[in-house]
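Colleague: Could you walk me through this model? I'd like to hear about pockets and helix packing.

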Amino acid sequence: MRKQRLTNEERLRLLKLADKKNVLFKRKRTLYNRIYRKGFIFKAAWIVRSLYIILFIAVALLFNKATYIKKEIVVDKQVESYKTVSGYGTFENTTLILKTNAGKYTSNFTDFDVPDLHTNDTVRVEHNVFGKPIYLTNPGWNWKYSIDSDFKLYCIMLFITVISLFFNDGLDRFTSKILWVTLTTAVITILLFFIL
């Protein structure tokens with residue numbers, strides 16, 4: 001059986017009804033979001049996310065600025081070498097894993113010779129503003145050897161933080177979950193960097 005075609009008056013009435021529902025839903029969303037954005041989770045998430053972004057920029061700008069040098073004694077040294085072949089040629093990569101009485105450091109060498117270090121030798125470790133080790137050095141060395149810093153976790157967290165800035169609608173069922181997850185992981189990441 002065929003459906004009856006809508007008349008122009010019925011079509012106009014349905015369009016007006018849909019417009020009215022749309023206006024009412026937008027009004028509801030605006031009123032709800034005014035209340036939602038005054039809540040704890042929304043404010044805390046904005047504060048922590050803003051703090052994370054500011055700290056990330058500060059760390060990126062100041063990370064390689066050395067502030068003090070600490071003398072440490074070599075406990076163990078390992079050297080791992082491997083070759084990489086590409087269209088541009090063969091490259092030899094060497095990784096120095098150095099364990100001292102104060103920590104464990106990894107340094108990658110592509111075009112430099114690995115420093116001659118033995119057990120019980122003294123090595124100077126330069127630290128930055130945040131107390132993180134950044135260079136291995138010694139008097140008489142021609143170079144400062146940079147210590148590897150793994151920033152993958154912090155960059156992933158920055159990406160998640162920036163994406164979460166677009167979730168502001170309290171009526172969206174994922175917003176509160178995303179804000180909680182971002183808030184928690186941002187706090188943990190900040191603590192990991194500044195405490196460990």
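Colleague: How much space lies in the second largest pocket?

Modeller: About 170 Å³ of space lies in that pocket, where a pocket is, on a 1 Å grid over the protein atoms alone, an open set of points where a 1.4 Å probe fits, with protein on both sides within 12 Å along at least five of seven lines, and a volume is the space filled by probe spheres set on the points, which are joined across faces, edges and corners. This is a predicted model, in which local features need pLDDT of at least 70, side-chain atom pairs count only at pLDDT 80 or more, and totals for chains, interfaces and linings use all residues. Residues are numbered from 1 along each chain as its sequence is written, and side-chain values use heavy atoms, with hydrogens and water left out.

Colleague: Which residues lie nearest its centre?

Modeller: Of the 13 residues lining the second largest pocket, L55, F56, V59, F151 and Y154 lie nearest its centre, lining residues being those with an atom within 4 Å of a point. The elements giving two or more residues to this lining are α2 (40–62), α3 and α4, helices here being DSSP runs of H or I with at least four residues, numbered from the N terminus.

Colleague: And which one gives the most?

Modeller: That is α2, with five residues.

Colleague: What about the largest pocket, how do its lining residues divide by class?

Modeller: Its lining has eight nonpolar, one polar and three charged residues, with Ala, Val, Leu, Ile, Met, Phe, Trp, Tyr, Cys and Pro counted as nonpolar, Asp, Glu, Lys and Arg as charged, and the others, Gly among them, as polar. Among the residues lining the largest pocket are K132, D148 and D150, together with F151 and Y154.

Colleague: Switching to helices, at what angle do α3 and α4 cross?

Modeller: The axes of α3 (residues 152–164) and α4 (residues 175–195) cross at roughly 150° and come within 10 Å, with axes fitted to C-alpha atoms over the stretch in contact and angles running from 0 to 180 degrees between N-to-C directions. The two helices are therefore roughly antiparallel, a term for angles over 145 degrees.

Colleague: What sort of residues make that contact?

Modeller: The contact of α3 with α4 has nine nonpolar, five polar and no charged residues.

Colleague: How do the axes of α2 and α4 cross?

Modeller: The axes of α2 and α4 cross at roughly 35° and come within 9 Å, and the residues of their contact divide into 18 nonpolar, two polar and one charged.

Key. Angles under 35 degrees count as roughly parallel, over 145 as roughly antiparallel, 65 to 115 as roughly perpendicular and the rest as oblique.
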